[in-house]
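Have the sequence and the 3D view open as you read.

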Amino acid sequence: AKVNYTSKWLNAASITADSATYLRILKMPFVKQGEAVGVSKPNKPPRPKSPPPKTPYPISPDKYGEASNQIKQLNGHRLHDLGYDGKGMLVAVLDGGFTNVDIMPFFDSLRATGRLLKGRDFVMNDEYPYEASSHGSQVLSTMAANLPGLMIGTAPGASYVCVKTEETSSELRIEEDNWVVGAEFADSLGADIINSSLGYTTFDDKRMNYNYKDMNGNTTRVTRGADIAASKGILVVNSAGNSGTGAWKFIGAPADGDSVLAVGAVDAIRRKAYFS
């Protein structure tokens, strides 16, 4: 069997093996249980060779630009006025990819001051997470963007590390394993906060599907891992879920953790967002 990752927190290993080998492993005296988590076969996208072309954007008289409404809903601008901009904090962002974060001008100040730490890709098992999806880039921008008149995030003074744990072309339980080892990696760096806009409920392989009763804070591996991260002193912030209009409707894992700060969404006039 090939060992993909090991988790100290869960005393577990994520492996790749054929069925016969897997059954033999289950009979080993030190193995308590096993579970099929699926095999993801992501394609490695080519790395961009140059920054994306600059598009002329209108400069706003409000220094927060496109982020003005959202930061003022939270009174984040008042904290900035008092000098609290995230300085001295390390935020680990767990997501499905961070396309162009290493070259995009919105994050120039992060790179220039050494506040963008070397990231990890637990899907491809390398140190280049700046690919595969722009979702992580967008999430990061709400915190770390720093182009006055265009967009300033909520914590432009913090340090960040991008951790790719989500395989965007499929949905399998192996992504929970990736999340847990990603959180352990964040802990090893001394992260103060984990920001995760991810959730697990149903999967491509229907045999892996959870039921709503599984959202009890103790069932899924990703939730157990998130609660352990919180016990280490990390503030774990996770999206409550984007299934408000779908068949699932409710929160997902790890938002169900009793030590996880689960965050729903509102629109520009503070109404619950339709998808939340």
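## Backbone spots to look at

Let's begin with Arg-270, which lies in the segment after β10. Helices (H or I, at least four residues) and strands (E, at least two) are DSSP runs numbered from the N terminus. Arg-270 has a positive phi of about 70 degrees, although it is not a glycine. With 56% relative accessibility, Arg-270 counts as exposed; here exposed means over 50% relative accessible area, buried under 20%, and partly exposed in between (1.4 Å probe, protein chains only).

Asn-75, also not a glycine, has a positive phi of about 60 degrees. Look for Asn-75 in the loop between α2 (68–73) and α3. Its relative accessible area is 41%, so Asn-75 is partly exposed. For context, most residues other than glycine have a negative phi, and most peptide bonds are trans. A cis peptide bond joins Ala-253 and Pro-254, with omega of about 10 degrees. Pro-254 is in the loop between β9 (235–239) and β10 (261–263).

## How to read the model

This is a predicted model, in which local features need pLDDT of at least 70 and side-chain atom pairs count only at pLDDT 80 or more, while totals for chains, interfaces and linings use all residues. Residues are numbered from 1 along each chain as its sequence is written, and side-chain values use heavy atoms, with hydrogens and water left out.

## The nonpolar cores

A nonpolar core is a set of buried Ala, Val, Leu, Ile, Met, Phe, Trp, Tyr and Cys residues joined through side-chain atoms within 4.5 Å. The largest one has 33 residues, and Ala-92, Trp-179, Ile-194 and Val-236 touch the most other members. At least two residues of this core come from each of β3, β7 (159–164), α6 (174–189) and α7 (221–231). The biggest contribution is from α6, with six residues.

Which residues does Trp-179 touch, not counting those up to four places away in sequence? Among them are Leu-94, Ile-194, Val-222, Val-236 and Pro-254, where contact means heavy atoms within 4.5 Å. A second, separate core has 23 residues, including Val-101, Tyr-128, Met-143 and Leu-150.

## An exposed leucine

Leu-82 is in the loop between α3 (76–81) and β3 (90–95). At 63% relative accessibility, Leu-82 counts as exposed.
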